Amino acid sequence: MWSTVNNKFKKYPARKAVAFKMLELGLRVDEDSKIYCGNLKISDSALANSVDVDRRVIKSTIDLILKDEELFNIFSNILPAGTLLKNIAQNLGLGVIEIEAGENNKGILASIALIARDYDIDIRQAYASDNHSNNPILTIITNDPVPGASIKEFLAVEGVIKVSVY
């Protein structure tokens with residue numbers, strides 16, 4: 001998906017920034033030429049302000065998406081992922097594990113889940129960044145604080161670069 005969007009917008013850096021922001025936030029384009037988060041309509045000016053572009057760039061981005069079948073199939077079917085509990089986990093008495101993965105990151109989620117099971121860690125939420133970067137971040141929210149002894153095992157998983165627990 002990232003390469004498709006990147007290629008379609010390569011001649012238009014401002015429009016590409018808008019498209020990537022829409023993907024990041026889970027915003028979709030509808031046939032009515034409007035942008036939505038779920039069923040909530042997002043104003044062109046609000047999105048323009050968040051990307052630091054002129055409002056007309058939003059309109060031209062939408063027009064390009066509507067005219068391109070491949071882009072429309074992507075951007076018309078986006079659903080917001082919901083609330084990520086990471087920033088409020090401590091307020092809720094939850095634990096957080098952040099795992100930075102290298103390029104060889106296949107199977108990391110499965111390996112981490114097995115270690116969590118061995119330590120009787122209940123996973124409440126798991127979120128992997130999909131930001132086309134070389135080192136994606138896997139964030140796991142747990143029902144309880146994470147035992148310190150598990151960190152060494154998380155670090156031993158192939159492809160894991162860094163583990164942060166809080």
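Trainee: Is Ser 33 buried, exposed or partly exposed?
Mentor: Its relative accessibility is 22%. Buried means under 20% relative accessible area, exposed over 50%, and partly exposed in between, with a 1.4 Å probe and protein chains only. Ser 33 therefore counts as partly exposed.

Trainee: What kind of model is this?
Mentor: Residues are numbered from 1 along each chain as its sequence is written, and side-chain values use heavy atoms, without hydrogens and water. Local features need pLDDT of at least 70, side-chain atom pairs count only at pLDDT 80 or more, and totals for chains, interfaces and linings use all residues; this is a predicted model.

Trainee: Where does Ser 33 sit?
Mentor: Helices (H or I, at least four residues) and strands (E, at least two) are DSSP runs, numbered from the N terminus. Ser 33 has a positive phi, near 70 degrees, and is not a glycine. Its place is the loop between β1 (28–29) and β2 (35–37).

Trainee: Which loop holds Asp 52, and what is its phi?
Mentor: Asp 52 is exposed, because its relative accessible area is 71%. The residue lies in the loop between α3 and α4.

Trainee: How are α3 and α4 oriented to each other?
Mentor: Axes are lines fitted to C-alpha atoms, for helices over the stretch in contact, and angles run from 0 to 180 degrees between N-to-C directions. Here the angle is about 105 degrees, with the axes 8 Å apart. Angles under 35 degrees count as roughly parallel, over 145 as roughly antiparallel, 65 to 115 as roughly perpendicular and the rest as oblique. So α3 and α4 are roughly perpendicular.

Trainee: Which residues of α4 make the contact with α3?
Mentor: Contact means heavy atoms within 4.5 Å. From α3 come Asp 44, Ser 45, Leu 47 and Ala 48. From α4 come Arg 55, Ile 58 and Ile 62.

Trainee: What is the strand order of the open sheet?
Mentor: Two strands pair if DSSP finds at least two bridges between them. The pairing in this four-strand sheet is antiparallel, and the order is β5-β6-β4-β7. The edge strands, each pairing on one side only, are β5 (123–128) and β7 (160–165). Again, the order is β5-β6-β4-β7.

Trainee: Which residue in β6 stands opposite Glu 100?
Mentor: β4 (residues 95–101) and β6 (residues 137–142) pair in the antiparallel sense over six bridges. Opposite Glu 100 stands Ile 137.
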